[in-house]
Amino acid sequence: MQPTRSPQLQWSTKGLLGILRAARATEATRPVRTANDPPAPLSVEELSEVAKNWRSRAGEDEGRADTVAQALESVVEHRRAAASRSRARIVGDRISQFMRI
């Protein structure tokens, strides 16, 4: 007894693989960014560099640059602390939230 095959479902670029690729391509398309979209967030290293640049301007504008630099450094410290949390701790927190403990 020979199995019957549908010509549409052959493992070729025109058959099943072509259908799967076409379906995946439509799912993977991202919306185009416009001028109104917010910029991508800065990394920790980029924020540190911006804080250093603000520190270098500290004498020019009555301490406002120092305040901005302190705020940026605070954000950097917060992000580093969040990144340093162990994976086990994160999983434990999620389980606790799920179990409502």
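## Nonpolar surface patch

V91, I95, F98 and M99 make a nonpolar surface patch of about 440 Å² in this predicted model. V91 belongs to helix α4, which spans residues 87-99. With a relative accessibility of 40%, V91 counts as partly exposed, because that class covers values between 20% and 50%.

Three salt bridges are found in a search of the whole structure. Side chains of opposite charge can pair when their charged atoms come close.

One of the salt bridges joins D66 to R55, with the closest N and O atoms 2.0 Å apart. D66 lies in helix α3 (residues 64-84) and R55 in helix α2 (residues 44-56), so this pair ties together parts that are 11 residues apart in sequence. Both partners are partly exposed, D66 at 26% relative accessibility and R55 at 31%.

R55 also forms a salt bridge with E73, where the closest N and O atoms are 2.7 Å apart. This pair links distant parts of the chain, R55 in helix α2 and E73 in helix α3, 18 residues apart. E73 is partly exposed, its relative accessible area being 29%.

D93 and R89 meet through their side chains in a salt bridge, at 3.7 Å from N to O. Both residues lie in helix α4, four residues apart, or about one turn of the helix. D93 counts as partly exposed at 26% relative accessibility, whereas R89 counts as exposed at 53%.

Definitions and conventions. Residues are numbered from 1 along each chain as its sequence is written. This is a predicted model: local features need pLDDT of at least 70, side-chain atom pairs count only at pLDDT 80 or more; totals for chains, interfaces and linings use all residues. Side-chain values use heavy atoms; hydrogens and water are left out. Patches are made of residues with over 30% relative accessible area and no salt bridge: like charges are joined within 9 Å, nonpolar side chains (Val, Leu, Ile, Met, Phe, Trp, Tyr) within 5 Å. Accessible areas come from the Shrake-Rupley method with a 1.4 Å probe; for residues, only the protein chains shown count as cover. A salt bridge is a side-chain nitrogen of Lys or Arg within 4 Å of a carboxyl oxygen of Asp or Glu. Helices (H or I, at least four residues) and strands (E, at least two) are DSSP runs, numbered from the N terminus. Buried means under 20% relative accessible area, exposed over 50%, partly exposed in between (1.4 Å probe, protein chains only).
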